[in-house]
Amino acid sequence: MEPGHLFNHKHLTSLADLSVEDVELVLSTARSFKEISFRSIKKVPTLRGRTVINLFFEPSTRTRLSFEIAAKRMSADTFNISAVSSSAVKGETLVDTALNLQAMNPDMVIIRHSSSGAANLLKRHLKTSVINAGDGTHEHPSQGLLDMMTVIEHKGELAGLKIAIIGDIAHSRVAHSDIIGFTKMGAAVSVSGPATMVPVEVEGLGAKVCLDPRDAVADADVVMALRIQRERLLDPLIPSPHEYAAFFGINEALLRLARPDALVMHPGPINRGVEIDPAIADGPRSVILDQVTNGVAVRMALLYLLMGGE
Amino acid sequence: MSPAGGNYTKSSHGPLFLQNGRVIDPVNGIDRQADVLIVAGRIVALAELGQGLEIPAGCECIDLKGMWVVPGLIDMHVHFREPGEEYKETIESGARAAAAGGFTAVACMPNTAPVNDSQGVTALILAKAVGVSCRVYPVGCISRGARGEELADIGEMKRAGAVAISDDGMPVSDGQLFKRALEYSANHGLLVISHSEEVSLSRGGVINEGEISIRLGLRGIPNVAESVSVYRDLALAEYTGQPVHIAHVSTGEAVELIRRAKARGGRVSAETAPHYFTLTEGDVGDYDTNAKMNPPLRTEADRQAVIAGLADGTIDVVATDHAPHSRLEKDLEFDQAANGIIGLETSLPLTMELVRQGVLSPAGMVELLSVNPARILGVEGGDLGIGRRADLTVVDPQKGFIYAEETIVSRSKNSPFIDRELTGKAVLTIMGGVITHREL
């Protein structure tokens, strides 16, 4: 990254919109903010007087809390709107809801929504900055960034690494952002899972598709499991959770094929015993809780950079 | 007797003398400079230049040097939203959009509210079509309520003026019902138009299935959702010996199935829409709901296959699937937005693009936009022969224009072609001797 690289973005809806230099700037900014969370007084005045709205149309504990803590540690005022208390139940459209929020002059709207492209729709209608906190099966860019930050902490850099992601790649917004982010930064991404969840067209995102998860995991520096969502059973994409666990779950036998120092990651929340063996999730190679810690730092950096912090 | 398509009762225009145009009339084997004389709503004379036609007194003479004079364009697949959703389009506003696009006749699909599944609704549509700017041919439902369960009163709708039957937008999933519809429509000489879609394969989909659907996180509709159903419909048509018309062909697989059925001598015809030979799934871009329709925009390979199908006659008709929606239905999350785009005012220039590319001859274009839809629907038109009804369109093949939102005649503005530079425009539309659109 050139010193003094300027972050010329007002919104973040997809990691595809960020350059390598942009990603490096977000991550270096996040690294510098991370220590704030370890002070006894966890607050800096940087975003004092700024207003941040969390507009969440899907249930979320961790991501919403992570954004809220990030904003508060930067001294911004935060407000949470969840689907049950929003106008959505009264039949108001997403655009109208957002325009009404804008009329109260917030500086940032962070949206989570079940429809892919919901953040893109807001971005077209709002003058306020918009962050996509997960839209349908499209992207979850802040998760992609925190995953990259976590890997860099342990591996030094991303270029040349092999990342294996196992799960429902086609329908995972986390996987989409991770594949786009990691490959942008020079890592190779191999993916595997049931072919109903990992069609060959996934290669369009830049990942290598392996029918056998052992091929994806072989010599990997990072092994990531994705949450298997219950509604996918009805599609039907897989026969049952236990059949999934038997053939695609991350367990000791599979992990043995990765590099000895491989990291184990999971975006949460975990279905223990389905996509990952509990012993692995809690084991020495797991950095799952580091991901959560870094999430706050990455979101502090995003709020700062997108709101035009100096 | 061919249906009248509504009774146009505006006072008949005086005689018109169209001079110096290039008359393209494939039915009569004509493609040359000629003068056309229209009197009392009929074509009464067609003469070589300088042959000295006697021009009646009070006749308006229009010089058409550099223009093409073609049989009035016919769009056999439009959705006018009357009755029920007049805020999107009425029969009157849709007909004005049709005239502005060079169309003298349209066939309107039955998925109104209520659906056109009875002679009462058919009669209502025809009553509303009296005096509007184009002929309106109602298409009735195959099944009552378009629910796909039992046959609608097809004979009564025919008697009231329907020219075909279709459950467009609500594909007939039940093979037995579709077979019965083909058999029963034979009694009434009504064409069955199939919206061929295997719903178990397309359910919930909003975009073509492939790399782009995955990247955008949108549920895909695979090509096979169309081709599996097209195969069923062709097989049933062949089995029953009845004709079938396949609507809005979007995939290379469907083109190939239709090509083979025709080679076997099957009584099959097919249409595609300009967006399928102009755009691809990539045009969805950043979740542009004006690029959302069913079937969805496909790949470049499909687009090329559709063009090849137009070039070799596998596809008989260009029809727009003109589907007006307001911002209420389009300014939404992509998966919540309605399917469909308007097309009447862009169909001609987009089809002319294929002429400029050398894919179609001018006469070939006239067959796709006029001759074939008239023949397939069994209505008068597509023919500039002496004594024929004077339905004709004058095209300026060189005229360029920007398709700007504020110039759209249709009541709805849902088009992916807004702000696009287009070439080739209808500058004069004449229906039954009456000028319905004029910009020269």
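Which two side chains does a polar contact of 2.5 Å join in chain A? They are those of K34(A) and E153(A); a polar contact is a pair of N or O atoms within 3.5 Å, and within protein one must be able to donate a hydrogen and the other to accept it, while residues adjacent in sequence count only if both atoms are side-chain atoms.

Hi everyone! This is a predicted model, where local features need pLDDT of at least 70 and side-chain atom pairs count only at pLDDT 80 or more, while totals for chains, interfaces and linings use all residues. Residues are numbered from 1 along each chain as its sequence is written, chains are lettered from A and ligands numbered from 1 in the order in which they are written, and side-chain values use heavy atoms, leaving out hydrogens and water.

Now to chain B. Its domain 1 covers 16-69 + 387-438, and its domain 2 covers 72-377; the bounds come from an automatic or database domain assignment. The domain centres, taken over C-alpha atoms, are 26 Å apart. In contact (heavy atoms within 4.5 Å) are 37 residues of domain 1 of chain B and 49 residues of domain 2 of chain B.

What about salt bridges? The rule finds two across this interface of chain B, each needing a side-chain nitrogen of Lys or Arg within 4 Å of a carboxyl oxygen of Asp or Glu. E405(B) also forms a salt bridge with R327(B), with the closest N and O atoms 3.2 Å apart.
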